[in-house]
Amino acid sequence: MSSIEWNEKTFAKFAYLSDPRTKGELVAYVLTKANLKDNKYENTIVIENLKNNARRFIENATMPRISPDGKKIAFMRANEEKKVSEIWVADLETLSSKKILEAKNIRSLEWNEDSRKLLIVGFKRREDEDFIFEDDVPAWFDDLGFFDGEKTTFWIFDTESEEVIEEFEKPRFSSGIWHRDKIVVNVPHREIIPQYFKFWDIYIWEDGKEEKMFEKVSFYAVDSDGERILLYGKPEKKYMSEHNKLYIYDGKEVMGILDEVDRGVGQAKIKDGKVYFTLFEEGSVNLYIWDGEIKPIAKGRHWIMGFDVDEIVVYLKETATRLRELFTWDGEEKQLTDYNDPIFAKLKTFEPVHFRYKSLDLEIDGWYMKPELKEGEKAPVIVFVHGGPKGMYGYYFKYEMQLMAAKGYYIVYVNPRGSNGYSEDFALRVLTRTGLEDFQDILNGIEEFLKLEPQADRERIGITGISYGGYMTNWALTQSDLFKAGISENGISYWLTSYAFSDIGLWFDKEVIGENPLENENFRRLSPLFYAKNVKAPILLIHSLEDYRCPLDQSLMFYHVLKDLGKEAYIAIFKRGAHGHSIRGQPRHRMKRYKLFVEFFERKLKKYEEGFPIEKILKE
């Protein structure tokens, strides 16, 4: 008998890989394990030599950056006692290391081509011990907290003399990359209400002087090969929800390289004039190279979750049934790691079945997982709704789906209009109509699924989602009697307070719901709160206290109104954790969330029990 089974603790058995880097014959990446006993994540940098297969380790470290000459590695180490981040440099032959800098907040780290200087980008805040003061908007940001007059700080650091040889500040959200000995600086374009991430001013900084390259453009610099700068975005966007494209700037003209590709770009890098990039495509995230024409490197039913390029390409690849592992490509693909194979060998995983259906005026992609069933046995169904709305479901590993399929549920998920991975027109169709046709796409997908799987029990369908998925869960329970239970996580219930309270509400909500929020009827018409009387199914609202993207008021308001109306509603508020707490919360936090998730659906879709006795549940 296997000693491993799917439950709320299984996630801690897996190894999680991130931030792959390569130089010459070396590959480095971060290996993360969840320690439930000590309630923390343990990060280790792994350095692999592809020539002799040797492996070396740097404990308690992240952000590996191999120097261009391949002789050194810079990395970041968190000092929890001092509450600061430390930058270290190690010799790659001996791994002897030295600490070169301490700073409270560090965002990025990049070697200059001389393998001596580092560009370190961080931020500083006022940090008065008694109060926060702000004259800019928003006043806070998810996962970052209150800005308190934040400025982005750029340090050029000489690793030999261990001195900051140049330092300058820019407004919040600025970023920078090396371009030979110059720095390309991206600065959000300033207006009365800054439209962060939509318009940028781009500068070249050298020896204390700056020159403006572009003003109020919708792209920004993401990489340089010393001769050319790679730009990500578009020359000018009307909507943030438009697809991002790629452009090469040679100092004279901007050349689009993906103008004919009607899909959204993910990560991108440039080397020797060749561009490597990922595309969101119908549920997959694929990796390509452009060298005058577009050629696939890794295309299939998978998600490429990060990559780097030097003499070879290294990338993290994940599928619906396997967590990401590291692969290399030099004309052919080779798998470099298999950390999780021994765990998955002892676990039953569920391969999604793809189906495609007509919904109103569009063709929609859907998937479902079928649990192990006896002949003639009926099973309950859980419908998952992704975030966004410009998120995307497809061929990546989602823990809750595998967990609940193992518990005997059908799992159904679709990419309604508004999703990424399709045409730009497809993505934009949800704007100012959120909850209308996109909800019909979900309902039509469920109907198609029920035709395909007669063992699915129509009378026991639950729905769940996070963020936009949480909104859609709230909306679904107010608009349809099809669903017999719902778990809404960090979702929206009232768009007007979201617009005024969320970190991105001043521009995102106005795009998705409509302009003139104080007058626009959409902000009430598309809000689940005002249809709370229609709710018949029990609902569990899960929210994190430190979510500034979809703040706590959204779930708390809905909960209070539902209770006032005599509805069966419960709320679990996690005391820590930002919007992404479901995957980035502390290990015990995640374990308890999974426990709540499983037990709520077990009681409401299988046992038909009244109430939700939390003390009993947590003891079981």
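**Exercise 1. In which loop is the place of N60?**

Solution. The model is predicted: local features need pLDDT of at least 70, side-chain atom pairs count only at pLDDT 80 or more, and totals for chains, interfaces and linings use all residues. Residues are numbered from 1 along each chain as its sequence is written, and side-chain values use heavy atoms, with hydrogens and water left out.

Step 1. N60 sits in the loop between β4 (55-59) and β5 (62-66). Strands (E, at least two residues) and helices (H or I, at least four) are DSSP runs, numbered from the N terminus.

Step 2. Although N60 is not a glycine, its phi is positive, about 50 degrees.

Step 3. The relative accessible area of N60 is 43%, so N60 is partly exposed. Buried means under 20% relative accessible area, exposed over 50%, and partly exposed in between (1.4 Å probe, protein chains only).

**Exercise 2. Is N39 buried or exposed? Describe its backbone as well.**

Solution. Step 1. N39 belongs to the loop between β2 (26-35) and β3 (40-49).

Step 1. Its phi is near 55 degrees, a positive value in a residue other than glycine.

Step 2. The relative accessibility of N39 is 15%, so N39 counts as buried.

**Exercise 3. How many aromatic pairs does a search of the whole structure find? Classify two of them.**

Solution. Step 1. The search finds 49 aromatic pairs. Rings of Phe, Tyr and Trp (its six-membered ring) pair if their centres lie within 6.5 Å; planes under 30 degrees apart count as stacked, over 60 as edge-to-face and the rest as tilted.

Step 1. For F168 and W205 the ring centres are 3.8 Å apart and the planes are at 15 degrees, so this pair is stacked. F168 is in strand β14 (residues 163-171) and W205 in strand β17 (residues 200-206), so the pair ties together parts that are 37 residues apart in sequence. Both F168 and W205 are buried.

Step 2. For F600 and F601 the centres are 6.3 Å apart and the planes at 65 degrees, so this pair is edge-to-face. F600 and F601 are both buried.

Step 3. Ring pairs also link W6, F11, F14, F344, F397, Y399 and Y594 into a cluster.

**Exercise 4. Which charged side chains sit over the rings of F141 and Y570?**

Solution. Step 1. The criterion is NZ of Lys or CZ of Arg within 6 Å of the ring centre and within 35 degrees of the ring normal.

Step 1. R549 lies over the face of F141, 5.0 Å from the ring centre.

Step 2. The charged end of K563 is over the ring of Y570, at 6.0 Å from its centre.

**Exercise 5. Which residues lie nearest the centre of the second largest pocket?**

Solution. Step 1. A pocket is an open set of points on a 1 Å grid over the protein atoms alone, where a 1.4 Å probe fits, with protein on both sides within 12 Å along at least five of seven lines; lining residues have an atom within 4 Å of a point.

Step 1. The lining has 17 residues, of which I573, F574, K575, K592 and L596 lie nearest the centre.

Step 2. The elements giving two or more residues to this lining are β37 (569-574), α11 and α12 (614-619). The largest share, 5 residues, comes from β37.
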